[in-house]
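Open the structure in your viewer and switch to a cartoon display. The tour goes one selection at a time.

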Amino acid sequence: MISADEAITRLKEGNQRFVAGVRSVDAIVKQMNLADHAQGQAPFAIVLGCSDSRVPAEIIFDQSLGDLFVIRVAGNIVAPSQVGSVEFAAETFGTPLVIVLGHTRCGAINATLDLLEKPAAEQSSNVMSIVNRIRPAVEPLFHTELRNDREKLVPACIHANIMASTNHLSHGSEILEQLVEQGKLKIVGAEYSLETGEVTFFD
């Protein structure tokens, strides 16, 4: 298994290919050999990303079958099922890297801000379970001068939500925390630009 830093480099290189409109020959070949993946998997990165249809991790990182262990949920939030999925992949496959992948113009962030501006009496409890996980990260920003400038508020909230999910994974699981302390796992945040196709990694 490659190191976390090597995994980040591989993802960055894949994203550069995606932005340039080219594909890795290796990725194409791996997709043609389905039987090779039937007996097992060894993903080199775990991606906790948003469900947005415009942000498929395998495509924007130009990876193929068996390369990424992808968990997608609206707002790239962290709930027990997501934590468990990350724990499973990190322990079972020895995957060294977790990326929390948010994106520009996130609908879940905008929905949370809309409810902060105009609380609605009736909302789906299921939708609210997502909003309520995003709210602690964005509400402090909502109560600053950014509230009057939505164009600046939304990007700030997207970044804050990514970092909140990254922090939750880093400190909300004894298993993941131990793997990080042992140098076996790295957890980082990143943001995908719908406008350019580029992924920016956060320290």
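Two strands count as paired if DSSP finds at least two bridges between them. Keep in mind that the model is predicted.

**Stop 1: a pair of strands.** Select β1, residues 45-49. Five bridges join β1 to β2, and the two run parallel. Now pick Val47 and look across to β2, where Val70 stands opposite.

**Stop 2: the whole sheet.** Strands of a sheet pair through backbone hydrogen bonds, either parallel or antiparallel. Here five strands form an open sheet in the order β2-β1-β3-β4-β5, and the pairing is mixed. Which strands stand at the edges? Select β2 (68-72) and β5 (199-201): each has a single partner strand, so one side of each has no neighbour in the sheet. On average, neighbouring strands are turned by 25 degrees against each other, direction ignored.

**Stop 3: two helices on the sheet.** Select helix α1, residues 4-20. Helix α1 lies across β1, β2, β3 (97-103), β4 (186-192) and β5, and runs at about 35 degrees to β3. Next select helix α4, residues 80-93, which packs on the sheet and touches β1, β2 and β3. The direction of α4 makes about 175 degrees with that of β2.

**Stop 4: two cysteines.** Searching the whole structure for disulfides gives zero. Select Cys50 and Cys106: Cys50 is in no disulfide, and the nearest cysteine sulfur, that of Cys106, is 4.4 Å away.

Methods: Residues numbered from 1 in each chain as written. Predicted model: local features only at pLDDT ≥ 70, side-chain atom pairs only at ≥ 80, totals over all residues. Heavy atoms only, no water. Disulfide = S-S within 2.5 Å. Helix = DSSP H or I, 4+ residues; strand = E, 2+ residues; numbered from the N terminus. Axes fitted to C-alpha atoms, helices over the stretch in contact; angles between N-to-C directions. Contact = heavy atoms within 4.5 Å.
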